Amino acid sequence: MYEKRPIIALDFSTFDEVKTFLALFPAEEKLYVKIGMELYYALGPEIVNFVKSQGHSVFLDLKLHDIPNTVKSAMAVLSQLGVDMTNVHAAGGVEMMRAAREGLGSSAKLIAVTQLTSTSEEQMREDQNIQTSLSDAVCHYAKKAAIAGLDGVVCSAHEVDQIKSTTQSDFICLTPGIRPLGSAIGDQKRVMTPSQARKIGSDYIVVGRPITRAQDPVAAYLAIKEEWNG
Ligand code: C5P
């Protein structure tokens, strides 16, 4: 049976750290990694090319949010990098998300950030003047992402159920904030274990520090992968 891979958040800032980390894994263990703003802004397309050349899959987490034409052009550039998945902010609107889809084409998955999981309901009401519940706001954005032809959303594992019930069942819910039992929570607030995330229907989990900062990252990864696959 096809094994699902947890996506490893490569939250490093130098090439050396990335190389050293990836070299820990046996060559036949093909990973799915998340390259975020820090790494991409420091190292650019070169880091994506390097990771892809090792046979790994890449989720480029740049969360684009600009006028539709700019996002479309930027996505056209990212499509040339051969990334497997990338994202935008749903707050950019349906027209922007449609433009992103057009620019990226269908070669990579495109998902939307709804509300960042670091945003509380109080902050959303105060800062964004969205006077509804956080879960309603998240579901509203998820529906707009689906209308715009996106493949799914980044969300808290706690929001998966509601999102799945208001979109198609194959609409992707990618969930960070995953912690195996006994691992440090760090700055995450509402966490779930890999097996809980599987049971509630997450399609992809993103795991950073429990793997990257483990004493034995390969063993930590394999244990999380096993738990994730049930
Ligand atoms: O180390 P940890 O497992 O907390 O890393 C989670 C990764 O997922 C980080 O790269 C973090 O920026 C990202 N992320 C998140 N919550 C979101 C969106 C992204 O934790 N809502």
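**The ligand and its pocket**

By class, five nonpolar, three polar and four charged residues form the shell around the ligand. The model is predicted: local features need pLDDT of at least 70, side-chain atom pairs count only at pLDDT 80 or more, and totals for chains, interfaces and linings use all residues. Residues are numbered from 1 along each chain as its sequence is written, and side-chain values use heavy atoms, without hydrogens and water.

**Exercise 1.** Find which residues surround the ligand.

**Exercise 2.** Find which N or O atoms of K34, G208 and R209 lie by ligand oxygen atoms.

*Solution.* Search for polar contacts (pairs of N or O atoms within 3.5 Å). Start with K34: a side-chain N or O atom is 2.9 Å from a ligand oxygen. In G208, a backbone N or O atom lies 2.8 Å from a ligand oxygen. End with R209: a side-chain N or O atom is 2.7 Å from a ligand oxygen.

**Exercise 3.** State where the ligand sits.

*Solution.* The ligand sits in the largest pocket. Sitting there requires more than half of its atoms to lie within 2 Å of the pocket's grid points. Strand 8 (204–207) and helix 10 (209–212) each give two or more residues to the ligand's shell.

**Exercise 4.** Describe the lining of the largest pocket.

*Solution.* Sort the lining by class: 18 nonpolar, 13 polar and twelve charged.

Definitions and conventions:
Near = heavy atom within 4 Å. Polar contact = N/O pair within 3.5 Å; in protein donor to acceptor, adjacent residues only side chain to side chain. 1 Å grid on protein atoms, 1.4 Å probe; cavity = no way out; pocket = protein on both sides within 12 Å on 5 of 7 lines; lining within 4 Å. Helix = DSSP H or I, 4+ residues; strand = E, 2+ residues; numbered from the N terminus. Nonpolar A, V, L, I, M, F, W, Y, C, P; charged D, E, K, R; others polar.
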